[in-house]
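Subject: A structure for you to look at

Hello,

Here is the structure I promised to pass on. Please open it next to this message and follow along as you read.

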Amino acid sequence: MKTLIIIPVLFFSLFLGLPSYSSDFDKGLTAYKNGDYATALKEWKPLAEQGDVDAQYHLGVMYDNGDGISQDYKEAVYWYRLAAEQGDKEAQFSLANRYYNGEGVIKDIVYAHMWWNIAAANGDDSANKNKNTVEMYMTSS
């Protein structure tokens, strides 16, 4: 009987030691909004490395803008791509912008169109407008 009681208690105690990822993200977001980019980076980077889509997108923004770190479009593209591939429409839109402008990647309007198309399919109205605009520069052959 003691074994039956110990197992649930042991299982439950494992979850007490796990960090709260949403509170870490929120702590980073508050820090970012207050201009405390070092804290935002400290909170978001481990989450992003573990696959947190929101943290990945926001790290992309930090590198894109040079918020508290050296502006690095290649690094921004890296984080945007990870978030975009998980379905984040803001990351998809931003990744398309990098392809359109050739920042961090070779300029490629076909990839820009593709990512804007995906973002538009996910409900981003600006992406739909950009996709339609870039189509004028594309050929059918």
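One term before we start: two residues are in contact when they have heavy atoms within 4.5 Å of each other. Please also keep in mind that this is a predicted model.

With that term in hand, look at where helices α6 and α7 meet. On the α6 side the contact is made by Lys-89, Gln-92, Phe-93, Leu-95, Ala-96, Asn-97, Tyr-99 and Tyr-100. Facing them in α7 are Ile-109, Tyr-111, Ala-112, Trp-115, Trp-116, Ile-118 and Ala-119. Sorted by class, the contact of α6 with α7 has twelve nonpolar, two polar and one charged residues.

How do the two helices lie against each other? The axes of α6 and α7 come within 8 Å and cross at roughly 165 degrees. Because an angle over 145 degrees counts as roughly antiparallel, α6 is roughly antiparallel to α7. The crossing of α6 past α7 is left-handed.

Now for the whole protein. It has eight helices and zero strands, so the pattern along the sequence reads α-α-α-α-α-α-α-α. Of its 141 residues, 34% count as buried. Taking contacts between residues at least 6 apart in sequence, 41% join residues at least 24 apart.

Which residues of α7 are buried? They are Ala-112, His-113, Trp-115, Trp-116, Ala-119 and Ala-120.

On to the pairing of α5 with α6. Helix α5 takes in residues 73-85, and its axis comes within 8 Å of the axis of α6, with a crossing at roughly 140 degrees. Are the two helices oblique or antiparallel? Roughly antiparallel would need an angle over 145 degrees, so α5 and α6 are oblique to each other. Their crossing is left-handed. From α5, the contact is made by Tyr-73, Val-77, Tyr-80, Arg-81, Ala-83 and Ala-84. From α6, it is made by Ala-91, Gln-92, Ser-94, Leu-95, Arg-98 and Tyr-99. By class, this contact of α5 with α6 has eight nonpolar, two polar and two charged residues.

Is Ser-94 buried or exposed? Its relative accessible area is 9%, so Ser-94 is buried, the cut-off being under 20%. Leaving aside residues up to four places away in sequence, Ser-94 touches Tyr-57 and Tyr-80.

The other one is Asn-65, which belongs to helix α4, residues 53-65. Asn-65 has 47% relative accessibility and therefore counts as partly exposed. With residues up to four places away in sequence again set aside, Asn-65 touches Tyr-32 and Gln-71. Between Asn-65 and Ala-76, which are eleven residues apart in sequence, the C-alpha to C-alpha distance is 8.8 Å.

Conventions
Residues numbered from 1 in each chain as written. Predicted model: local features only at pLDDT ≥ 70, side-chain atom pairs only at ≥ 80, totals over all residues. Heavy atoms only, no water. Buried < 20%, exposed > 50% of the residue type's maximum accessible area, 1.4 Å probe, protein only. Helix = DSSP H or I, 4+ residues; strand = E, 2+ residues; numbered from the N terminus. Axes fitted to C-alpha atoms, helices over the stretch in contact; angles between N-to-C directions. Parallel < 35°, antiparallel > 145°, perpendicular 65-115°, else oblique. Left-handed = near helix turned anticlockwise from the far one by under 90°. Nonpolar A, V, L, I, M, F, W, Y, C, P; charged D, E, K, R; others polar.
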